[in-house]
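Here's a quick walk through one structure, written to be read with the model open beside you. Let's start with a helix and the strands under it.

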Amino acid sequence: MSWPELPARAGYLALRNGRHRNALSLAVLRNLRDQLNAYNTSPADGQVRILPPFKPEILEELKDAERDRGSAAGDKYGWLVDSQKWKEHRHGLPNVVVLRSEGPVFSSGHDLKELRTLSHDEVKETFALCAEVMSLIRRSPAPVVGVIQGLATAAGAQLALTTDLPLTCASTQFRLPGASIGLPCTSPATAVSRRLGGAFTYRMLALAELHRADQLPGGAVELVSDDASLEKRVAEIVGQLASNSAGQPQALGKWAYWTQLGLNGRESGGDGYEDAVSWAGNVMALHAKADDAKEGISDHPHPDPLLHDKLNCWDHDLLSLDVDFLTDHFTASRFSYSTQALPINVLLDTLIRPYGETEDAPKTTCVKWKHDPQRAVPHLVFGKTSTAGGQWEDNPVDASWDIGTLSYAGMLSLPGYTFEQHYRCLYGRSMPVYLRPSRRSVADYFAAYPTKVGITESIQNAQVVSKNLVLASGIFSELIQPPPILRPLATLAGVEGREVTLPILVIGSGFSAADIIISSSEHRRIIHVFKWAPSTFPSPLRACHQQAYPEYAGIYRRMKIAALSHPSISGKRSKVRHTHSVFDSSRDWSATYEGLPNAHIVNVEQCAQGCGATVTFQIGSEQPFIRQVGGFAYVVGRRGTLEYLSPDLVAQVLLTPGSNTTDQAQGQLISAHCLREKANEDLEVAENVFIVGSLTGDSLIRFAYGGCTYAAGKIMSHRRQNRDSTNTNGQDATNGTTVSSSTMEKSSRPQTPSSQIPAMSGLDGHEASPARSGPLDRRKEL
């Protein structure tokens with residue numbers, strides 16, 4: 001019987017023992033081993049190079065091999081991570097191997113007649129060889145396609161189901177017959193159970209019954225209707241793997257797939273999914289560095305085909321964009337573009353990280369950062385804090401510096417020196433994927449950034465300016481002060497204060513309140529007053545997933561339990577999910593946490609000794625009740641200030657149609673909503689003054705790129721116009737940080753489709769409640 005001719009870069013793994021039902025005799029097993037070794041012997045050095053053992057810790061060796069091609073790890077595994085070395089070591093070897101046999105029986109398993117005639121050593125060699133062949137198939141860098149044209153029993157079923165891509169006709173039969181002769185198919189069951197599942201395989205093992213392929217658990221083996229369809233499907237698969245799929249990423253992907261299946265939750269618990277997804281993310285990062293991956297990424301700059309086509313029509317200069325043209329399809333797109341961030345910010349974010357939250361850091365990106373001296377503009381960056389980092393260096397809320405950030409580390413990175421590079425400099429190893437760094441770590445990163453990218457001379461720390469700014473950002477560091485009735489409590493110790501036996505009173509519904517609770521001692525009692533209106537004003541903590549943000553999800557669960565326990569809390573009573581995390585078991589919540597939803601404080605009496613206070617609460621129409629407290633944290637929101645600007649400039653920045661300029665310029669605190677309407681029209685909110693970041697209402701670092709890019713493009717454009725004007729009129733610019741005062745074109749302004757787009761302040765940077773008209777006043781939470 002002849003088999004179809006295979007394309008280049010494909011080869012047969014032939015099982016030729018048709019006269020004996022393709023039994024796995026000692027000679028047949030030796031031949032299969034030799035064929036597999038031949039397919040994996042490097043022409044460069046003559047070594048048999050198969051996939052590494054399926055152990056997750058080997059990933060570190062693969063990373064070392066990719067970083068240092070001349071190291072021991074590079075010699076050992078460089079061929080698996082370097083496409084050039086792959087070509088050297090796999091030259092002339094197949095990208096896909098096809099296992100086939102002849103006749104009506106694919107394989108009947110071991111040759112029992114032969115086994116009775118072999119010596120004990122030869123019997124041991126037979127079973128050892130069988131295990132070696134199975135291992136060589138599993139660890140073959142080239143995927144192995146199993147064409148199962150007939151009955152597969154015992155070790156024959158093991159061989160068939162060890163292949164990477166088994167396929168057969170629906171009527172083909174499988175059997176583990178050993179139990180019927182007193183020799184249970186223990187070894188074959190290893191492969192069968194991993195393919196078909198434990199329960200089904202045990203029935204096969206114990207009962208020794210025949211099973212048609214279409215009776216096997218769904219998806220375990222690909223099924224076709226008849227022999228002709230089988231040959232056609234084999235040709236399709238082999239053609240795809242041989243011609244249209246790069247061998248090196250296929251091999252690394254195969255190793256990673258079988259390795260992650262072995263992660264069982266030893267680190268994070270559960271079914272191992274969290275361990276697997278974290279580990280696999282690091283493999284993806286390694287994948288992305290390969291030449292084949294880079295070529296594939298460049299061939300497909302963005303997964304959104306509409307945006308892809310629009311970008312191809314553009315000149316690829318992101319400093320001059322028609323934002324409307326590029327983003328007008330976002331609201332109707334099947335991709336999950338933010339509908340609340342400014343389109344210019346959403347656009348740059350999706351170009352930098354086209355796969356969004358599915359990729360922690362922009363390892364796959366459509367953006368290249370390039371220094372162009374001809375367009376560079378001299379500039380200075382002023383900051384109030386002692387080092388770069390702004391509010392990240394401050395800690396206006398009395399909470400721990402070690403609480404993890406809401407954003408993943410990759411989303412906090414800046415161009416030229418990423419958080420991942422910073423992590424490697426500090427710890428000498430790769431950064432874990434989906435890392436939520438501590439506030440302290442982020443502050444350290446931003447402090448180091450100017451030196452790492454060579455802009456230290458442009459950074460002026462611990463200074464405040466009062467002159468015109470070309471580019472400004474808000475400082476949302478001013479905590480909303482408690483109302484007069486609560487001000488006597490301000491003298492009480494906070495979380496970091498002295499040890500007291502009385503509970504701490506925490507007022508607030510959001511992340512800052514949760515941070516106070518998380519930072520408190522595990523034995524400190526907590527009285528938590530919060531607003532509970534899930535249908536109209538939900539807490540941003542509600543969006544926190546149990547696995548990604550266990551501490552915030554845990555606090556929200558405490559709040560929900562407390563709310564549902566009060567009869568005066570109206571609304572639909574939903575069930576509380578019975579979930580459990582390490583954070584839930586970090587303290588005895590029933591003894592230390594008391595939640596008071598929608599409670600009003602009607603009286604405060606401070607103790608004579610000043611060591612505590614008596615507070616009277618009332619919830620709805622219930623009877624007032626009192627509690628003794630020894631600490632206090634009022635965390636219902638923050639405001640920003642523009643006090644670093646001159647009064648005249650503040651007036652220009654805050655001026656909106658119909659507003660009173662004088663009243664707005666008196667230095668009052670501002671919310672994230674104050675400039676949202678102006679940002680919606682143009683980020684140039686006054687002549688030569690731009691706003692970015694939190695002043696626009698988009699609070700996340702990842703959404704600052706758009707505003708910065710837009711402002712930089714306009715500043716450079718002004719600089720060029722100013723230079724041209726100087727050359728024409730003989731006038732000089734006053735200094736490197738001011739630009740010409742000519743009116744700028746607004747044809748590419750970063751406008752949004754909606755004039756009522758809300759500011760962002762929740763978990764994803766989005767406002768947690770429906771949009772309001774008028775300024776945000778979180779004091780209503782009381």
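## A helix lying over a sheet

Keep in mind that what you're looking at is a predicted model.

As a reminder, strands of a sheet pair through backbone hydrogen bonds, either parallel or antiparallel.

## Thr 162, tucked into H7

Back to the helix: Thr 162 is found in H7. Is Thr 162 buried or exposed? Its relative accessibility is 4%, so Thr 162 counts as buried; the cut-off for that is under 20%.

What does Thr 162 touch, leaving out residues up to four places away in sequence? Its contacts are Met 134, Ile 137, Arg 138, Ala 191 and Arg 195.

## H17 and its buried face

Next, jump along to helix H17, residues 419-427. Its buried residues are Phe 419, His 422 and Tyr 423. Look down the axis of H17 and those buried residues fall within an arc of 100°, so they line one face of the helix.

What covers them? Helix H18 (439-453) is included in the cover over the buried residues of H17.

Across the whole structure, a search turns up 20 salt bridges. One of these joins the side chains of Arg 30 and Glu 125, at 3.0 Å from N to O. Arg 30 lies in helix H1 (residues 26-39) and Glu 125 in helix H6 (residues 120-138), so this pair ties together parts that are 95 residues apart in sequence. Both ends are partly exposed: Arg 30 has a relative accessible area of 34%, and Glu 125 has 30%.

Glu 60 and Lys 63 also meet through their side chains, at 3.6 Å from N to O. Here both residues lie in helix H2 (residues 58-67), three residues apart, or about one turn of the helix. An α-helix has 3.6 residues a turn, so residues three or four places apart point the same way. Glu 60 counts as partly exposed at 38% relative accessibility, whereas Lys 63 is buried, with a relative accessible area of 7%.

## A buried pair and a network

Arg 676 and Asp 698 make a salt bridge through their side chains too, at 2.7 Å from N to O. Arg 676 lies in helix H24 (residues 676-681), while Asp 698 lies in the loop between strand S23 (689-691) and helix H25 (704-729), so the pair ties together parts 22 residues apart in sequence. Arg 676 and Asp 698 are both buried.

Which residues are linked in a network of salt bridges? Look for Glu 222, Arg 233 and Glu 236.

How values were computed. Residues numbered from 1 in each chain as written. Predicted model: local features only at pLDDT ≥ 70, side-chain atom pairs only at ≥ 80, totals over all residues. Heavy atoms only, no water. Buried < 20%, exposed > 50% of the residue type's maximum accessible area, 1.4 Å probe, protein only. Helix = DSSP H or I, 4+ residues; strand = E, 2+ residues; numbered from the N terminus. Arc of directions from axis to C-beta. Contact = heavy atoms within 4.5 Å. Salt bridge = Lys/Arg side-chain N within 4 Å of Asp/Glu carboxyl O.
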